[in-house]
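Let's take a walk through this one together. Have the sequence and the picture side by side, and we'll go piece by piece.

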Amino acid sequence: MITGHHAGAELPLVGRAPVLEGLTAALDLARGGTVRTVVLSGPTGSGKTATLDHFLQHCRAVVPDVQQMTAAGDVWESALPLSGYSQLMHREPLRSSKGVEGAVLPRPESGMDLTPARAANFADTLAAHITALQSRSCVVVAIDDVHLLDEQSLRVLLFALRRTHRQRVLFVLTLDHARAHGVPPGLLDLLNSHRVGHLQLEPLDAEDVRELARRRFSIDLGATAAHGLVRHTRGMPRAIVELLAELPRETWQSWFPSLPASSRMLARVRGLLETASEDLVRVAEAVAVLGGAATTDAVAHVSGVEALMDALDEGHRVRLLRLAVDPTTARVEFMEPGAAEAVYGQLAPSRGQALHCRAAGVVPQERDRLGHRAAATLGVDEGLARELEEFVRRRALVGAWSDVAISLFAASRLSADPRSRSERLLRGVDALVASGNIAEAQMWSSAVEDMPPSSLRSSVLGYLSTASGHNNGARTQLEPGRTATPSGSPPLRPPWPSGWCCTGWRPGTGPRWASGPSGPWP
């Protein structure tokens, strides 16, 4: 048993303690003479390489007598026969299956003919080399991205795995099952069998992200920012680290509506689109504009591509798009987090406007139709602003305050009259408060403070002050709102979410009049 040092203690790896403990337990068994094979699995960007590297560093620091043989799969090298094998066998001395010192490795060449007899000879050489090494101390054979290894090396590896018994050897392989179509069936069956240990790398949650930001970047992420980062990246560590490293630190100190693609993702998407067919480019642009409403019918309509399946096949081959089918719908999605933002960001303004116009005619939800129309409208459009007001009125009746806020902000931008613009903006902030989205509402504090005095302005500022813990300021702002009601129809007051205003100002009871949006809702 490895003692005196915890496998996850080196930092800054977070959220991987169970995986590292599983690897350490497998190493203990291997050092005792039991051959173990462990597969680390997870999608692209889940941290497989980082976890494997961390474990190997741990072995070097804590168990210095452990010997390591390493290789890494690569898309380009997968076309070179035995390129993976040559990585594993870079150490001296080499032994052939006949025990001859200094066996000569073949130079990897494209198209090399590897007959079964030659493959068996190479596998014997690998097995003999491992046997010789483990006679001195435990051997860790680590292969990163085994699914990208060349086929010949994979067959040699399968041969060796099946013939290594009662030795001090630990095989650790990282595998992305979504990209394992090139792995020989025999090896894939073996790696998924009960004789192999399986450690799945799960997405990071918000607390993991906050810990990662503190450890690696000395950034104190709030809960809202952490949840937003998880939502944007799907909890994938690589994308999280890239954004924390690239974006200004002040990004994380306030609410953000969305996040951009990382520079790596921008470069990857740009390279893919430059070499892609015109149909794939048009389909990717349509999916980026449609977002969650990117059904196959909607994508075909917005992109104008007739041979949609051909474009989707191409998108799948280059790992840009995938088709997700469930019992109710077939939807097109980007494979990696950040890809949608990268594609949308490279749209020319006129192209984006045209796509939003087409999307408005096909999406089923009224909220989405109005959103696309607003996105396609660059200047004042009082008619559309009034349509948004009517939508607001209906959504307010059912307490859909998030929809209300988004629509009022759009209506404010489209308003011709400055007073209407300010009033709609103020009501939008008020709806954010009602929805419980205090972090976003606080982003508008300065804009609200610059508005002319009114009871609605005082109430919104009072709620925002309460959320910030400034109870005296909240009392000053909220008191006038108790008796002053703006002209117009009576306000619609939904239940106040979570009672935060009551507990924030007057614990236990609080002012009953602060039970919902502060002003009149048409």
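Leaving out residues up to four places away in sequence, which residues does H372 touch? Before we get there, a word on what you're looking at. This is a predicted model, so local features need a pLDDT of at least 70 and side-chain atom pairs count only at pLDDT 80 or more, while totals for chains, interfaces and linings use all residues. Residues are numbered from 1 along each chain as its sequence is written, and side-chain values use heavy atoms, with hydrogens and water left out.

Now to H372, which lies in helix α16. Its partners are V289, H356, A359, A360 and V363, where a contact means heavy atoms within 4.5 Å. H372 counts as buried because its relative accessibility is 8%. Here buried means under 20% relative accessible area, exposed means over 50%, and partly exposed is in between, using a 1.4 Å probe and protein chains only.

Let's step back to the whole chain. You'll find 24 helices and seven strands in it; these are DSSP runs numbered from the N terminus, with helices being H or I over at least four residues and strands being E over at least two. The chain has 522 residues, and 49% of them count as buried. Its exposed surface comes to about 24500 Å², with 52% supplied by carbon and sulfur atoms; such areas come from the Shrake-Rupley method with a 1.4 Å probe, and for residues only the protein chains shown count as cover. If you take the contacts between residues at least 6 apart in sequence, 69% of them join residues at least 24 apart.

What sits in the interior? The largest nonpolar core has 35 residues, and M69, L126, V141 and L187 have the most contacts inside it. A nonpolar core here is a set of buried Ala, Val, Leu, Ile, Met, Phe, Trp, Tyr and Cys residues joined through side-chain atoms within 4.5 Å. At least two residues of this core come from each of β2 (67–72), α3 (83–88), α4 (116–134), β3 (139–144), α5 (151–162), β4 (169–175) and α6 (185–191). Take L187: leaving aside neighbours within four places in sequence, L187 is in contact with L154, L157, L158 and L161. There is also a second, separate core of 34 residues, which includes A298, V299, V302 and L321. As background, in soluble globular proteins nonpolar side chains tend to be buried together.

The buried residues of α2 include F55, L56 and C59, and what covers its buried residues includes α1 (17–31), β1 (36–41), β2, β3 and β4. Further along, α18 (residues 401–414) is mostly covered, with eleven of its 14 residues buried. W401, F409 and L414 are among them, and the cover includes α16 (366–376), α17 (382–397), α19 (418–435) and α20 (438–442).

For a strand pair, find β6 (residues 321–325) and β7 (residues 330–334), which pair in the antiparallel sense over five bridges. Strands count as paired if DSSP finds at least two bridges between them. A hairpin of four residues joins β6 to β7, and R322 stands opposite E333 in β7.

Most residues other than glycine have a negative phi. D145, in the loop between β3 and α5, has a positive phi of about 50°, and D145 counts as buried because its relative accessibility is 18%. R234 also has a positive phi, near 60°; R234 lies in the loop between α8 (223–233) and α9.

Finally, how far can you trust the picture? The chain averages a pLDDT of 84, and 83% of the residues score at least 70; pLDDT is the predictor's confidence in each residue, from 0 to 100. Confidence is highest in helix α11 (residues 278–290), at a mean of 98, and lowest in helix α24 (residues 500–505), at 28. Over residues 1–11 the pLDDT is below 50, and pLDDT stays under 50 over residues 481–522. Where pLDDT is low, the predicted coordinates should not be read in detail.
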